[in-house]
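Biologist: Can you walk me through a few pieces of this model? I'd like to begin with a sheet and then move on to helices.
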Amino acid sequence: MERVRKYILEKAMKNKIYITTPIYYVNDKPHIGHAYTTILADVLARYHKAEGDNVFFLTGLDEHGQKVQQAAQERNLSEQAHCDDLAPRFTQLWEKLEIQNTDFIRTTENRHIKVVQNALQKVYDAGDIYADEYEGWYSVSEERFITKTEKESGAFRDVKKLKERNWFFKMSKYQQKLIDHINDNPDFIQPEHRKNEVLGFLKQPLGDLCISRPKERMSWGIEIPFDKDYVTYVWFDALLNYITGIGYGVDDEKFKTWWPHVTHLMAKDILTTHCVYWPTMLFSLGISLPKKIFAHGWWLIGKTKMSKSLGNIVDPLDLVDQYGVDAVRYYLMGEMVLGQDANFTVESFIKRYNSDLANDFGNLLNRVSGLIQKNFSGIVPECGQMVKEDEELKQLAKRVNELIIKSIRSLEVHTAIYATMELVRMTNLYLERQAPWKVAKQDLERAATILYVATEALRIAAVQLLPVIPSKAQEVLDILSAKETPSKWGSLVSGVALKTHEALFPRIEVEKE
Ligand code: ME8
């Protein structure tokens, strides 16, 4: 009986997927890098939902700390007014990018302040927090004490000597436990080279983490519950958002539903905070570690990282206004091989748009709808006896369905997209080889089957692309009157009239220099 119960429970657990993005600093408006991680989370969430999984998708804003305080001061605003003013820039962009997050968290919300203060008290009561006078090199831009080696590397700006009494978290106590966990759970940190980077970092003795800031120096943060003169270090505060968002300490049922089936997505810049600070904090709190931490690469402009401080950012809103939301989502998901850096250029954007979306996908729709219009008065024809070539396309569609499920489980969105585009290209090739425009002159029944097969492959490709290009893929399904969205072959209904339509993705003509 117990075994059956366990089996049912495990089965039910399998379908719970919790996906998070970093919570972004509200020191400036969002750029392509932020849009990328958020779209990635959204695409993964949508693929999982399509598979029937239960998904909780959390994103939000990191509103405390020195960076935000400085940004507010520069604008002559109170910190809260500054955050309230900038927050809609993020939420409106997410709406425009058709992001379907389950919840949106801001670290200045009461629900989060309570969780941070409770967590601090718990860690303190466990004997893992102590006060100490510390003198060392402090990087103002990084908001933390840095080691002598780090100082000498020259990689840190605004470095000054600082002597201060602060509160410290006994991170060092959990060093070996963390190393063991990483070694015992090969999927915990992905991709592999990032895992090795973290293990390399952990070869050095781990120091303790300074988790407070004296209010007289930096007051914009959550007050330490056991010392009113201090606020919480922004990272100790921010990381806890992942458990606040699913009801930690408030709604046990909800928390247990989603934790620890979580995948934390981020770029490699915040690998250490997520793979060292966060797990050791969780050890101290007695909470199990997240299932997966995935650090993707950077969007570069030329050879440098796109970032606010370098002033080389691309505004996603400009791209959306010019080329449409689906084109932006498609480019970002298709162009970056997960785990590696990618270069953003308008040329590569236009090239990918024209080849994949205009030529391959958009053109396939034009061809099938034009041929059905001409030969069958716009009515989806019946599928007759299928021959070898038809079966091959059907089998390919099936294989792509399976490959997508596999790829999404390992977060390889670009592989899933390439697989669908292969189906689209093979369908175009099938049409060229079968030439239904010629066949229709002698054998209308065979032409009907060819067009049914090609249209069904197009429908399945559209279903497969729904998570990536939700609006345009839905448009195709509407044109085909495909109300339900199973990706199973044979679901296309014959006898219905195709809707008239414009070009799905009009080609972008680039003027030659
Ligand atoms: O680090 N390429 O916030 P942040 C790819 N508040 N992704 C990029 C990118 C780029 N050029 N630039 C930014 C913080 N990103 C903290 C996080 S989480 C508890 C606290 C994305 O506003 C990427 O996801 O600096 C990166 O990790 C994140 O934005 C950093 O955002």
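Biologist: In what order do the 3 strands of the open sheet come?
Modeller: The order is β9-β11-β10, with antiparallel pairing, where two strands pair if DSSP finds at least two bridges between them, and strands (E, at least two residues) and helices (H or I, at least four) are DSSP runs numbered from the N terminus. Please keep in mind that this is a predicted model, in which local features need pLDDT of at least 70 and side-chain atom pairs count only at pLDDT 80 or more, while totals for chains, interfaces and linings use all residues. Residues are numbered from 1 along each chain as its sequence is written, and side-chain values use heavy atoms, with hydrogens and water left out.

Biologist: Over how many bridges do β10 and β11 pair?
Modeller: β10 pairs with β11 (residues 227-232) over 2 bridges, in the antiparallel sense, and I224 stands opposite D227 in β11.

Biologist: Switching topic, at what angle do α19 and α20 cross?
Modeller: The axes of α19 (residues 444-465) and α20 (residues 470-479) cross at roughly 155° and come within 8 Å; axes are lines fitted to C-alpha atoms, for helices over the stretch in contact, with angles from 0 to 180 degrees between N-to-C directions. That makes α19 roughly antiparallel to α20, a term used for angles over 145 degrees.

Biologist: Which residues make that contact?
Modeller: With contact meaning heavy atoms within 4.5 Å, α19 contributes L458, R459, A462, V463 and L465, and α20 contributes P470, A473, V476 and L477.

Biologist: And how many residues of α14 are buried?
Modeller: In α14 (residues 325-335), 10 of the 11 residues are buried, meaning under 20% relative accessible area (1.4 Å probe, protein chains only); among them are D326, R329 and Y330.

Terms used:
Parallel < 35°, antiparallel > 145°, perpendicular 65-115°, else oblique. Buried < 20%, exposed > 50% of the residue type's maximum accessible area, 1.4 Å probe, protein only.
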